[in-house]
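The sequence and structure come first, and the notes follow.

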Amino acid sequence: MEVRVANVRKEFERFPALHDVSLDIKSGELIALLGPSGSGKTTLLRLIAGLERPTRGRIFFGDEDASQKSIQERNVGFVFQHYALFRHMTVADNIGFGLKVRNGASRPPAAEIRRRASELLDLVQLSGLEKRYPAQLSGGQRQRVALARAMAIEPKVLLLDEPFGALDAQVRRELRRWLREIHDRTGHTTVFVTHDQEEALELADRVVVMSQGRIEQVGTADDIYDTPNSPFVYGFIGESSSLPVKVENGEIWLADRPIGLSAPHAPEGEATLYFRPHDVELLDGCSGCIAGTVAASRRVAGTRRVELEIGGERQRVEIELPVGHPAAQKSRVAFRPGRWKLFPAA
Amino acid sequence: MADPEIKSYEPYHESRSAAVTESRPAQAVLMAIAFVFLGVFLLLPLIIVFHEALAKGVGAYTQALGEPDARSAIHLTLLVAAISVPLNVVFGISAAWAIAKFEFKGKAFLTTLIDLPFSVSPVISGLVYVLLFGAQGLLGEWLKAHGIQILFAVPGIVLATVFVTFPFVARELIPLMQEQGNGDEEAALSLGANGWQTFWYVTLPNVKWGLLYGVLLCNARAMGEFGAVSVVSGHIRGLTNTMPLHVEILYNEYNAVGAFAVASLLAGLALVTLVLKTLLEMRYGAELAATRGH
């Protein structure tokens with residue numbers, strides 16, 4: 001089911017949580033809403049679900065305007081951050097709940113509900129745990145039961161709020177791969193909220209980066225990482241370094257020296273240069289480069305991260321060098337960013 | 001040689017470290033205080049109640065209970081409890097739901113109001129109804145004109161009892177519901193349940209142990225209430241005397257066996273309440289543990 005969010009604004013007691021957000025979600029897509037806390041990602045998810053009503057704007061499921069529909073009518077599968085499993089019901093009863101509360105003719109007979117529950121338990125690889133209570137399950141198992149319960153109602157859209165937030169790192173990675181598999185097998189249109197960029201980039205077909213109630217950028221993992229469209233996205237996704245620079249005659253200048261990068265289409269004047277610390281080219285001589293004195297050097301896993309002081313104003317930037325690279329031993333290092341981007345100075 | 005030494009290092013309880021375990025004499029003193037206190041203040045009076053009730057034999061005991069005034073008092077007490085407990089269950093759930101699940105103006109005020117019967121002397125609570133419904137009271141004239149008898153009759157006793165016991169259920173449920181939040185209800189709604197189904201299948205089971213506890217306390221107090229009921233009842237023998245009032249009358253008439261026989265029923269009620277609670281916990285132990293552990 002396609003989902004279209006059109007110019008939605010949401011205020012909580014006059015305080016805006018979302019400003020004019022629009023988003024098209026394709027049928028069968030796996031989408032991540034990624035952002036720091038307070039960015040409005042969970043609010044957007046709850047609006048799609050119908051747990052909140054938009055202050056302005058509309059939400060379409062397919063061609064149908066769902067804005068005024070209740071959560072029951074929208075038929076969405078929602079997986080809550082802390083799972084919200086019914087603690088007094090067994091795993092099988094939890095999964096069958098959505099079918100049991102249907103009325104009249106659409107409610108399947110009890111035996112059919114039981115069969116569906118076992119089938120879904122197989123799908124989430126928890127066969128045989130029908131009779132357990134939620135308190136008797138591990139965090140990862142509860143997560144799977146919550147997903148099975150949400151899928152039992154054959155939802156049009158599957159919505160997950162921080163699905164792996166409460167789990168430890170090992171289980172997270174495992175469940176992440178597993179969720180992708182489930183998605184590929186069942187083909188549900190799926191939206192999940194996360195603050196973990198690794199999770200979003202690895203798992204989602206497209207990532208929606210949000211900040212302060214606005215969508216900053218929507219794109220594939222490659223788009224988001226390689227061509228961030230704002231200083232926020234550059235800073236939020238992956239490692240980044242930035243320097244205040246000046247554009248003159250299509251050349252980029254750092255203080256009074258050109259750094260050997262040309263930006264013919266950039267507007268003249270003050271700007272900020274962003275680049276990835278690992279995406280730099282080390283130079284020997286320095287005619288057109290960024291040069292700095294080594295202020296600190298740390299070993300981080302497979303690389304060495306070097307902090308440089310640049311220019312008279314002692315700007316600090318970080319770059320990454322291969323371990324054992326001779327430059328790490330020197331007191332001065334010259335480099336030029338490989339891939340980079342200019343944003344007008346704020 | 002080595003064996004006994006090794007054994008002596010084994011801790012008695014694995015969960016408690018030696019550092020926080022008191023010395024044996026200290027443990028003994030603490031336990032002795034607890035047992036002696038309970039024995040003198042709880043167990044001894046209970047034994048005396050039954051002892052006095054049966055002082056002149058089982059025949060006198062059953063005769064005292066079979067006496068028409070005693071039977072009428074028992075009947076009235078059961079009737080009052082049967083009306084006021086369900087009323088307070090409804091009120092308690094509604095109030096707890098409102099306070100725990102939504103935000104509204106006057107919420108703090110409502111919370112304070114619920115505690116009022118705990119902070120007001122029961123005699124005052126009874127007196128309020130006298131001032132309101134009595135012959136010289138605010139509504140007295142009107143009630144008289146319409147032939148409605150509230151004071152010195154069953155309605156007054158029920159009203160006073162409801163007032164005195166209404167915090168019990170609400171106070172048990174409010175913290176429980178606040179702690180549980182709205183998550184489970186949202187989940188039920190998202191799965192297609194309507195409001196009633198959500199309440200019946202999700203909210204109520206989540207609070208059922210707290211509710212049961214509140215109901216037991218509420219019932220015990222409803223049957224045992226003396227002060228407020230004493231003011232509004234008028235002490236008409238065989239008509240408006242509840243069991244506690246009847247006990248007092250019999251005692252004042254030096255009818256020790258009769259007084260203690262009726263008192264033994266009230267004491268028995270307390271014991272039954274306790275046993276019921278324990279039985280339910282045993283029967284639904286696994287589920288109860290699951291509820292608490294989650």
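Lys101(B) and Glu185(B) form a salt bridge, with their closest N and O atoms 3.0 Å apart. A salt bridge here is a side-chain nitrogen of Lys or Arg within 4 Å of a carboxyl oxygen of Asp or Glu. Lys101(B) sits in helix 4 (residues 68-101) of chain B and Glu185(B) in helix 10 (residues 183-190) of chain B, so the pair ties together parts 84 residues apart in sequence. Helices (H or I, at least four residues) and strands (E, at least two) are DSSP runs, numbered from the N terminus.

Lys101(B) is buried, at 11% relative accessible area. Glu185(B) is buried too, at 9%. Buried means under 20% relative accessible area, exposed over 50%, and partly exposed in between (1.4 Å probe, protein chains only).

## Basis of the model

This is a predicted model: local features need pLDDT of at least 70, side-chain atom pairs count only at pLDDT 80 or more, and totals for chains, interfaces and linings use all residues. Residues are numbered from 1 along each chain as its sequence is written, chains are lettered from A and ligands numbered from 1 in the order in which they are written, and side-chain values use heavy atoms, with hydrogens and water left out.

## Helix 10 and chain B

How much of helix 10 of chain B is buried? Six of its eight residues are, so helix 10 of chain B is largely enclosed by the rest of the structure. The buried residues are Asp184(B), Glu185(B), Glu186(B), Ala187(B), Ala188(B) and Ser190(B). Gly192(B) follows the helix, with a positive phi near 100 degrees.

Chain B has 15 helices and zero strands. Of its 294 residues, 39% count as buried. Take the contacts in chain B between residues at least 6 apart in sequence: 71% join residues at least 24 apart. Contact means heavy atoms within 4.5 Å.

## Further salt bridges

The count over all chains comes to 32 salt bridges. One of them joins Lys107(B) and Glu103(B), with the closest N and O atoms 3.2 Å apart. Lys107(B) is buried at 16% relative accessibility, whereas Glu103(B) is exposed at 68%.

In chain A, the side chains of Arg116(A) and Glu119(A) meet in a salt bridge (3.2 Å, N to O). Both residues lie in helix 4 (residues 110-123) of chain A, three residues apart, about one turn of the helix. An α-helix has 3.6 residues a turn, so residues three or four places apart point the same way. Arg116(A) is buried at 15%; Glu119(A) is partly exposed at 36%. A network of salt bridges links Glu112(A), Arg115(A), Arg116(A), Glu119(A) and Glu154(A).

## Helix packing in chain A

Helix 5 (residues 139-152) and helix 6 (residues 169-186) of chain A pack at about 20 degrees, their axes 11 Å apart. That makes the two helices of chain A roughly parallel (angles under 35 degrees; over 145 is roughly antiparallel, 65 to 115 roughly perpendicular, the rest oblique). Axes are lines fitted to C-alpha atoms, for helices over the stretch in contact, and angles run from 0 to 180 degrees between N-to-C directions.

Helix 5 of chain A contributes Gly140(A), Gln143(A), Arg144(A), Leu147(A) and Met151(A) to the contact. Helix 6 of chain A contributes Val171(A), Glu174(A), Leu175(A), Trp178(A), Leu179(A) and Ile182(A).
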